[in-house]
Amino acid sequence: MVVSVILSTYNSPDLLERTLAGYSRQTVEKSFEVVVADDGSSDETRELVDRLRRDFELDLRHVWHEDRGFRKCEILNRAIEQARGEYLVFSDGDCIPWSEFLAIHLRLACRGRFLSGGYFHLPRELSEGLTVDDVRQGRAESLEWLHRHGLPRSWRSRRLGSSASVGRIFDLLTPTRPSWNGHNASGWKDDLVQVNGFDERMGWGGEDRELGERLVNLGLRGVQIRHRALCLHQWHERSYVNDEVVAENLRMRGETARERATYTTHGIVKSGGSAARA
């Protein structure tokens, strides 16, 4: 199976480098590509991708458009179009995957389903002190190392040290419903194309989940893997949060639910008229 990892990013080369370091040590064979979906970063990100393509020996591609504000959904759609894989794994350029991350996504991939993962937030001091070498040498995957470097001990942090079998039990018991989470989700490219990808009218706030809701309306089932496919979310500011945009996104998601829409006319393919119904 040909696999593409799609990572969204915007002017965060330090975060992206640590994230790509995580993909350089995946336990699966390096027969996967990583497509960096860049929402208008400066040349620094392009130069980083060019360097890490050599240094990390990854099949790295850079899909970019000019900076005209938050257009994450649009650049993700361009990345879907250009991805060579038949199976697509989505995450963000600030989320460091553990070494088994892709292996778990691929082992659990199944027709008629999409996989719903999560992330673990790193506190600011630990996140800012993390180095590329910490990731490449596997120190960032050690729960004890993370505790020694500022991660508070809690029942939530214990899942970082859980085995895959224990993680499976947690995934079965969690009350959290599986949703399409842009920081950690995967599915078949032809399913994503069938619902026409992301709705490009949407800004930040639930835009990923709306795509998953159309997949469910299409008949797919989400599968919870948040305690098995692990990634660490690096701390950063969120200057792009806008309450009015979040409210408008909620309105559109409500429309998707009421109309049981399976398609957006504002996605990969642009067309007039209303969304298709299930």
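Trainee: Where does Arg-260 lie?

Mentor: Arg-260 is in the segment after α11. Keep in mind throughout that this is a predicted model.

Trainee: What is the phi of Arg-260?

Mentor: Arg-260 has a positive phi, about 50°, although it is not a glycine. Asn-196 is also not a glycine, and its phi is positive at about 70°.

Trainee: Are Arg-260 and Asn-196 buried or exposed?

Mentor: Arg-260 has 43% relative accessibility, so it counts as partly exposed. Asn-196, in the loop between α9 (189–194) and α10, counts as buried because its relative accessibility is 2%.

Trainee: How do I read a sheet?

Mentor: Strands of a sheet pair through backbone hydrogen bonds, and the pairing is either parallel or antiparallel.

Trainee: What pairs with β1?

Mentor: β1 pairs with β2 in the parallel sense, over seven bridges. It also pairs with strand β4 (residues 87–92), in the parallel sense and over six bridges. Leu-7 shows both pairings: Val-36 in β2 stands opposite it, and Ser-91 is its bridge partner in β4. On from there, β2 and β3 run parallel and are joined by six bridges. In that pair, Asp-38 stands opposite Trp-64 of β3.

Trainee: How many residues of β1 are buried?

Mentor: Seven of the seven residues are buried, so β1 is largely enclosed by the rest of the structure. Look at the two directions in which its residues point. Val-3, Val-5, Leu-7 and Thr-9 point one way, Ser-4, Ile-6 and Ser-8 point the other way, and all are buried.

Trainee: What does Thr-9 touch?

Mentor: Leaving aside residues up to four places away in sequence, Thr-9 touches Leu-16, Val-36, Ala-37, Asp-38, Asp-39, Ser-41 and Thr-45. Thr-9 belongs to strand β1 (residues 3–9) and is buried because its relative accessible area is 8%, under the 20% limit.

Trainee: Where is Ser-24 placed?

Mentor: Ser-24 is in the loop between α1 (13–23) and β2 (32–38). It counts as buried because its relative accessibility is 9%. Its side chain makes a polar contact of 3.3 Å with the side chain of Arg-136.

Trainee: How should I read the residues of a helix?

Mentor: An α-helix has 3.6 residues a turn, so residues three or four places apart point the same way. Now take helix α3 (residues 72–82): eight of its 11 residues are buried, so it is largely enclosed by the rest of the structure. The buried ones are Lys-72, Cys-73, Ile-75, Leu-76, Asn-77, Arg-78, Ala-79 and Ile-80.

Trainee: What covers the buried residues of α3?

Mentor: The cover includes β1, β2, β3 (59–64), β4, α9 and α10.

Trainee: At what angle do the axes of α10 and α11 cross?

Mentor: The axes of helix α10 (residues 207–218) and helix α11 (residues 243–259) cross at roughly 0° and come within 10 Å. The two helices are therefore roughly parallel to each other. On the α10 side the contact is made by Glu-207, Arg-209, Glu-210, Glu-213, Arg-214 and Asn-217, and on the α11 side by Asn-249, Arg-253 and Thr-256. By class, the residues of this contact are six charged, three polar and no nonpolar.

Trainee: What is the strand order of the open sheet of three strands?

Mentor: The order is β5-β10-β7, with mixed pairing. β5 (95–97) and β7 (120–121) stand at the edges with a single partner strand each, so one side of each lacks a neighbour in the sheet. β5 and strand β10 (residues 231–233) run antiparallel and are joined by three bridges. Ile-96 has Leu-232 as its bridge partner in β10.

Terms used
Residues numbered from 1 in each chain as written. Predicted model: local features only at pLDDT ≥ 70, side-chain atom pairs only at ≥ 80, totals over all residues. Heavy atoms only, no water. Helix = DSSP H or I, 4+ residues; strand = E, 2+ residues; numbered from the N terminus. Buried < 20%, exposed > 50% of the residue type's maximum accessible area, 1.4 Å probe, protein only. Polar contact = N/O pair within 3.5 Å; in protein donor to acceptor, adjacent residues only side chain to side chain. Axes fitted to C-alpha atoms, helices over the stretch in contact; angles between N-to-C directions. Parallel < 35°, antiparallel > 145°, perpendicular 65-115°, else oblique. Contact = heavy atoms within 4.5 Å. Nonpolar A, V, L, I, M, F, W, Y, C, P; charged D, E, K, R; others polar. Pairing = 2+ DSSP bridges.
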